[in-house]
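User: I am learning how the words used for a protein structure follow from its values. Could you take me through some of them?

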Amino acid sequence: MMERQKIILDCDPGHDDAVAIMLAANSPQIELLGVTTVAGNQTLEKTQKNACRVLQWLGRDIPVYAGCGRPMVREPRAAGDIHGETGLDGPVFPPLHKTVEPEHAVSYMIRTLLASDGDIIVVTTGPMTNLAMAMRMEPRIVEKIRRIVLMGGAYANGNVTPAAEFNVLVDAEAAHVCFTAGRPVTMVGLDVTHKVLCYPEIVERMAQVNNGASRLFVDLMRHFCKTQKEVFGMEGGPLHDPLTIASLIDPKLLTTKPMNVQIDLRSEQSYGRTNCDYYGYLGLPATADVAVDVDVPRFWDIVEDCLRRYGEEEGAT
């Protein structure tokens with residue numbers, strides 16, 4: 001049995017973030033210490049409530065900490081065209097009883113990492129503002145981070161601009177701080193997340209599980225797939241964020257390649273691009289393990305296994 005990996009999940013739920021929470025909250029391979037939220041797919045007020053809604057639905061008593069409501073430098077931007085007015089349009093959630101912790105997410109990260117044995121992986125599936133602010137506020141946490149695993153960037157094309165992926169584009173300065181901190185980084189970008197498309201047959205497959213968690217998954221994906229088709233013309237919604245968690249559950253899921261990655265902060269047209277030296281031509285040291293391929297059938301098996309581990313009682317409260 002593999003050791004349980006301690007993680008902090010920093011997210012901006014978001015339909016695919018919600019599935020990442022599902023995977024992290026009941027995997028035998030993962031100990032989810034806390035969920036921190038940031039403005040991204042929607043405003044901070046909405047993303048923190050969405051994290052609480054998902055955990056309450058799943059019956060998981062994991063603390064949620066609200067973090068930064070805007071990027072370090074730039075103006076905020078959201079993705080309402082994909083995730084809707086609430087950030088989690090689609091499901092009908094029961095009244096929300098779970099509340100956010102009073103402590104700020106940045107303070108929580110600092111406190112938890114400083115007290116750790118250097119064995120915590122920080123997973124970010126939204127803009128990297130909280131983690132970057134924590135590093136700037138308390139530099140001693142940097143050496144305590146075992147690894148940063150992010151959903152963000154691309155070595156090929158962006159999805160919001162031709163150059164940039166949403167999470168990095170929203171706060172490229174924060175991504176720069178995290179990529180230059182000198183810690184091990186795994187970058188799970190659009191190059192692989194666009195391969196895990198939630199086609200209608202996948203939605204039907206997960207519906208067959210027929211418990212509270214699978215019903216939430218199906219309701220989330222029906223909305224997500226609809227907007228992905230309307231905005232990007234994709235036949236299935238790409239499950240970007242859960243791929244970070246799935247790669248920790250099964251270390252063989254992703255094929256990665258060490259690359260020197262630099263975040264473009266200065267360009268008008270390409271701000272937020274993750275410039276990845278795929279061929280190592282520049283001769284610079286690698287700064288990230290960049291995902292270049294994924295075992296797609298194995299990914300969907302991991303998702304189904306996760307849903308099946310939840311009982312019928314989830315979603316009843």
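User: What makes H11 mostly covered?

Analyst: This is a predicted model, and in it eight of the eight residues of H11 are buried, a word that applies to residues under 20% relative accessible area. They are Pro242, Leu243, Thr244, Ile245, Ala246, Ser247, Leu248 and Ile249.

User: Why are H1 and H11 called roughly parallel to each other?

Analyst: Helix H1 (residues 15–25) and helix H11 (residues 242–249) pack at an angle of about 20 degrees, with their axes 8 Å apart. Angles under 35 degrees count as roughly parallel, and H1 and H11 are therefore described in that way. Their contact is made by Asp16, Val19, Ala20, Leu23 and Ala24 of H1, together with Pro242, Ile245, Ala246 and Ile249 of H11. By class, the contact of H1 with H11 has eight nonpolar residues, no polar ones and one charged residue.

User: Which residues have the most contacts inside the largest nonpolar core?

Analyst: The largest nonpolar core has 61 residues, and those with the most contacts inside it are Ile7, Phe217, Met221, Ile245 and Trp300. A second, separate core of 41 residues includes Tyr65, Ile141, Leu169 and Ala175.

Conventions: Residues numbered from 1 in each chain as written. Predicted model: local features only at pLDDT ≥ 70, side-chain atom pairs only at ≥ 80, totals over all residues. Heavy atoms only, no water. Axes fitted to C-alpha atoms, helices over the stretch in contact; angles between N-to-C directions. Helix = DSSP H or I, 4+ residues; strand = E, 2+ residues; numbered from the N terminus. Parallel < 35°, antiparallel > 145°, perpendicular 65-115°, else oblique. Contact = heavy atoms within 4.5 Å. Nonpolar A, V, L, I, M, F, W, Y, C, P; charged D, E, K, R; others polar. Core = buried A, V, L, I, M, F, W, Y, C linked by side-chain atoms within 4.5 Å. Buried < 20%, exposed > 50% of the residue type's maximum accessible area, 1.4 Å probe, protein only.
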